Amino acid sequence: MAEGAAASSRLRLAGLCFFLQLLTIILFAAFVRYGPESDPGLCSPQSNCSRRDPEPGSGYPRFRDAHLQALLGFGFLLAFLGRYGPGSVATSLLVVAFAVQWALLAQGLFYFSPKGKIYVGAQSMVSADFCTAAVLISSGAVLGRVNPIQLLLMTLLEVPLFACNEFILLSLLGISDSGGSLTVHAFGAYFGLMVSRALRQPRVDERGEQQESGRQPDAFAVLGTLYLWIFWPSFASATTAQDGAEPWAVLNVYFSMAASTLAAFVLSPILYEEGTLQAAQLQDAALVGAAVMGMAGEMLLTPFGAMVAGFLASHLSLLGSRFLSPILSSRLKIQDTCGVHNVHGLPGVLGTLVGTLLAGLATADAYGGRMESVFPLVAQGSRTASGQAWWQLCALPLTLILAALGGSLTGALLGTRALRSTPKSPEMESKVLREVPEDGLNPEASDEELGGSTLA
Amino acid sequence: MAEGAAASSRLRLAGLCFFLQLLTIILFAAFVRYGPESDPGLCSPQSNCSRRDPEPGSGYPRFRDAHLQALLGFGFLLAFLGRYGPGSVATSLLVVAFAVQWALLAQGLFYFSPKGKIYVGAQSMVSADFCTAAVLISSGAVLGRVNPIQLLLMTLLEVPLFACNEFILLSLLGISDSGGSLTVHAFGAYFGLMVSRALRQPRVDERGEQQESGRQPDAFAVLGTLYLWIFWPSFASATTAQDGAEPWAVLNVYFSMAASTLAAFVLSPILYEEGTLQAAQLQDAALVGAAVMGMAGEMLLTPFGAMVAGFLASHLSLLGSRFLSPILSSRLKIQDTCGVHNVHGLPGVLGTLVGTLLAGLATADAYGGRMESVFPLVAQGSRTASGQAWWQLCALPLTLILAALGGSLTGALLGTRALRSTPKSPEMESKVLREVPEDGLNPEASDEELGGSTLA
Amino acid sequence: MAEGAAASSRLRLAGLCFFLQLLTIILFAAFVRYGPESDPGLCSPQSNCSRRDPEPGSGYPRFRDAHLQALLGFGFLLAFLGRYGPGSVATSLLVVAFAVQWALLAQGLFYFSPKGKIYVGAQSMVSADFCTAAVLISSGAVLGRVNPIQLLLMTLLEVPLFACNEFILLSLLGISDSGGSLTVHAFGAYFGLMVSRALRQPRVDERGEQQESGRQPDAFAVLGTLYLWIFWPSFASATTAQDGAEPWAVLNVYFSMAASTLAAFVLSPILYEEGTLQAAQLQDAALVGAAVMGMAGEMLLTPFGAMVAGFLASHLSLLGSRFLSPILSSRLKIQDTCGVHNVHGLPGVLGTLVGTLLAGLATADAYGGRMESVFPLVAQGSRTASGQAWWQLCALPLTLILAALGGSLTGALLGTRALRSTPKSPEMESKVLREVPEDGLNPEASDEELGGSTLA
């Protein structure tokens, strides 16, 4: 198609990348410094934040967290490859590379030191990565219907909102959400769904639906599943710093994933007549089991609780994908490319409810020394267990409203003519940066071009 | 084929999964609790088990073991993908998800606390994962000739037997086998081979042979090889808790794998005339090098010993696959889908013999402070080095007899008409849950269906 | 082609492998022992080597380094798969398996203990792996134009030279180069390029060029990219043993990779008209960002410095691949199969210059307690900061000269008739051990045979 338009679109993306990286470098030069040796990360001693201070001499665990820092975002990336194919990898990498830098700045704003500097360390990298994970979840809802410029702008807007929501929940309200059931999974999913709704383009979407089915590269789904099983339990507990508490969160996530996987074998053949269990479904089951344990992972005191939660969450997710997704699509006009509502949204909400229940039931007897790390405010006596549960519950609608409003506004902005007009020439990025033509006049040809970007 | 039969088969699998998960949850609710903060795992202080108590303040290494817990089983999974293709992944994941939970219960039975509870922690997860690895090895011998229901039942029966054998060896006889040469590799291989023998179905087996060759997805073999090299040395030493002993076990495994890989380049072109060295062969060489170091890894005091052992084991494995496998198949009627006899059985036995030799040669001078952790009974003076060697040697026939008897009985049970009649309709799980028709009336058609489940 | 020649070639490789492994085992038996419990690795207390002694009680971090040991080499392996395809994996594994053992011996020679033994431990395995990485970089320049025997001999010769250069730089001159910008990346790249120049064979090379383009398996590039992002930051700081210094090196590498990736999106669409950003380019960007931080990673005190360095290095690398590579190929007759000059050579040199600049600017105020670990000689007062910078700068031409001379000699030796005449029958190793016929009389047929070795 129009050669000039393709070239100009490419140059606009290049220019935007250059500008954003330059801006980030300047802001980092002005404000960001490495923290002192035993860096306390984001947590200023004054604030009652849920990320605990490292104990003296515990420098090593911090370093290991840094080792894990890059894993979370890329785990999502690998997870999505199974759903949408490697064609999305360049765009996603672009989002991750920018989101990590941007999140450090945005989150640092809320923890300014008195000297006007943002001190970063291994712990703030982990926080930045949680933020990146939320952005990737959101992008999972709109993949295939946005161009890279739109994704970059969505990242630019979502990251500050995420940081704001996280600051309100963790620091102001004193919510415990170490694995991000609410702040990451639910926030990311509903933000993305509202962006998707605002960006809706009737004819293109139908085609998008078609092209998704039938060419999910199983190899990536298999690898993504293995990756989730291997590394996820460690992620989910990356921010629970105290050593005593860590193994339980890890084990809870692990049990939840096991039960969730078995649940997929129970319900999938009943819901879907063809009865073929795709590798992508197993991957979703692992993700669901992990998402539901995000908040409750460090609170649960017994393994069977994690199993029950994972078992129920997997059923909920499968029922959602069977009965709720068609309603979302037809009634609410929300397209959901990678099914983030079922895999992240619903389990995130369920995980929050489980966490609320557990917070209400928490007693000093049952938790012992762990109370300090899991519910610091309750341990200090400034809050009762039921008060903690009330705040945990309040955080849910607050997060959903913030995500929905922010997503709608972002979607409306991204849908403006100036941004939508770019992707007229799909061949410009046919190899890796996949795009969808806005008009969709000759879907067959475009399909072929898009098809060429998958693995042989 | 018969649509109704396919549906009923799917529902039977769903029902079995539901029942097993429910049973597990109930048993966990009744008996399993997280251990106290510095959790001693499976090891009760009374028993003289080879899993050592963590030292005070060593909570962090325990957590890292938890990080590794999921790796072992999935390493095997990835390793088998290279031999049998991603079609087996859903079934294998099902086995892993169930076996981990089941193994925690079965192994916990032998370490009941006085209060009638099973206390789990990171260390017991590692033990459960060793058990899962043995189940996966066994399933490698029968893959392609069993349906998912049969595999689940095999898991149900093998796990308690594994726990029983492990308890006898490690706790009663005081055997040192930290990396599982005997308890995992040899036990799993011979159990699976005997199940395979009992399940033998002449005409189907021939077809199974055919279909294996020629479509080994090299990509998975390459990834599996890298995975083994990267993570295996850490696994093999996951249960050697004392810090001083760890690096040696890691390094020994590493040297053994290096020598084993070079040995594959030496013998393979001599044994096989076509002279093509497949990626799967390199993966096998890495597995062999690791399996032979399972028992001896923490005992060897010099790097060249590990090299010699790996070099010999690789030769033995290659000679076995060239000359022994045809005999097994034709004379003893044992089919071995993934060649577990050569890759796990023989090196496991060789590793046990090496470990026996080293135990007999152990002197307090050479081991110094490590004696306590490698041979606690010898260090305490309740046993001589030659006595330890004698018991290590006795453990070999004991394990082989237990594995063979258990495997035969399990195979006979799985071969009953009620279970075998299920997989009449291969199309029901043609995508991921691959099955083999019992009668094999039209092998060409079935071949095509099965072939459809591999990666493009 | 000639059946007999193929068989003899296979047997020669088998014999060489057997001889080298036997030689290594004998040398290990004679000289190599595990170090004492808290093993100081290669560093004798007398020498002022940059690998610091572990502090008392820090045994555990050492073990983790051992966990990482195998990662580095295999990371490169995975990285190259994306450029040259899995056909190279068997040869590369052979090189790695031998190089690790050989490097332990060669590096140990320079740190002989008074008792005439080489003591190895986790730390020396990390050093051996850095050496293996350099060999893999060199092999990246010549892949596809050498046979396995030539590669083995190149390894045999390059490893001692690497150890010699490393000893001169780190121990004699007191250079700080923890991540190997100079000793690994620059040395490996220029050594390989000179070997490639000496091995140049006009007609074959053209074919090599052709066959490279157009069948880069994107899946491997995607996985390699993820792998680099996930594990590389930890590698780059594997040898900076002190806990306080570690997070900064990790974070600097991470920021550098992020900025480098964004830079690829900036420059790539401008330089290449087709505007398609391949997964392999993203992988290169990640490698470049890591290579440039090799020396400066532990020296940089601010995150934005790492971003600027990564941003510039990525631009330099892309400009080099666009404008410099054609000149290298046409004028200097240097073929560069995997583009190691742009991905390792140029960023390595740039990283050395950045490190020199930082060393010159180092003040005790800015570094505080870290001065001791980053520039031990400056901290001890035996050198000024500008003196340190002078030596860092001198190390650059020294390394380049050593690499170029050694590479030329090695290439001349490998190009002798006796070695070149081997690969006359490509079908002998058509599956994995790919070779190139020397005469190239019927390139079409050979192409087909070679093409058969790629993934479906």
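1. Gly179(A) is placed in the loop that joins α5 and α6 (181-198) of chain A; helices (H or I, at least four residues) and strands (E, at least two) are DSSP runs, numbered from the N terminus. With a relative accessible area of 10%, Gly179(A) is buried (under 20%; exposed is over 50%, and partly exposed lies in between; 1.4 Å probe, protein chains only). Pro233(A) is 54 residues from Gly179(A) in sequence, and the C-alpha atoms of the two are 9.8 Å apart in space.

2. The model is predicted, with local features needing pLDDT of at least 70 and side-chain atom pairs pLDDT 80 or more, while totals for chains, interfaces and linings use all residues. Residues are numbered from 1 along each chain as written, chains are lettered from A and ligands numbered from 1 in written order, and side-chain values use heavy atoms, without hydrogens or water.

3. In chain A, helix α4 (residues 122-142) and helix α5 (residues 148-172) have axes that come within 10 Å and cross at roughly 135° (axes are lines fitted to C-alpha atoms, for helices over the stretch in contact, with angles from 0 to 180 degrees between N-to-C directions). The angle makes α4(A) oblique to α5(A), the class left after under 35 degrees (roughly parallel), over 145 (roughly antiparallel) and 65 to 115 (roughly perpendicular). The crossing of α4(A) and α5(A) is right-handed, meaning that the near helix is turned clockwise from the far one by less than a right angle.

4. For chain C, the corresponding entry concerns helix α4 (residues 122-142) and helix α5 (residues 148-172), whose axes come within 10 Å and cross at roughly 135°. The helices α4(C) and α5(C) are therefore oblique to each other, and their crossing is right-handed.

5. The handedness of the crossing between α3(B) and α4(B) is right-handed.

6. Thr225(B) belongs to helix α8 (residues 218-236) of chain B. Its relative accessibility is 3%, so Thr225(B) counts as buried. Along the chain, Thr225(B) and Ala309(B) are 84 residues apart, and 20 Å separates their C-alpha atoms.

7. Met371(B) is located in helix α14 of chain B, which covers residues 371-374. The relative accessibility of Met371(B) is 6%, and the residue therefore counts as buried. Between Met371(B) and Leu226(B) the separation is 145 residues in sequence and 33 Å in space, taken C-alpha to C-alpha.

8. Leu409(C) sits in helix α16 (residues 385-414) of chain C. At a relative accessibility of 63%, Leu409(C) counts as exposed. The sequence separation of Leu409(C) and Val354(C) is 55 residues, and their C-alpha atoms are 30 Å apart in space.
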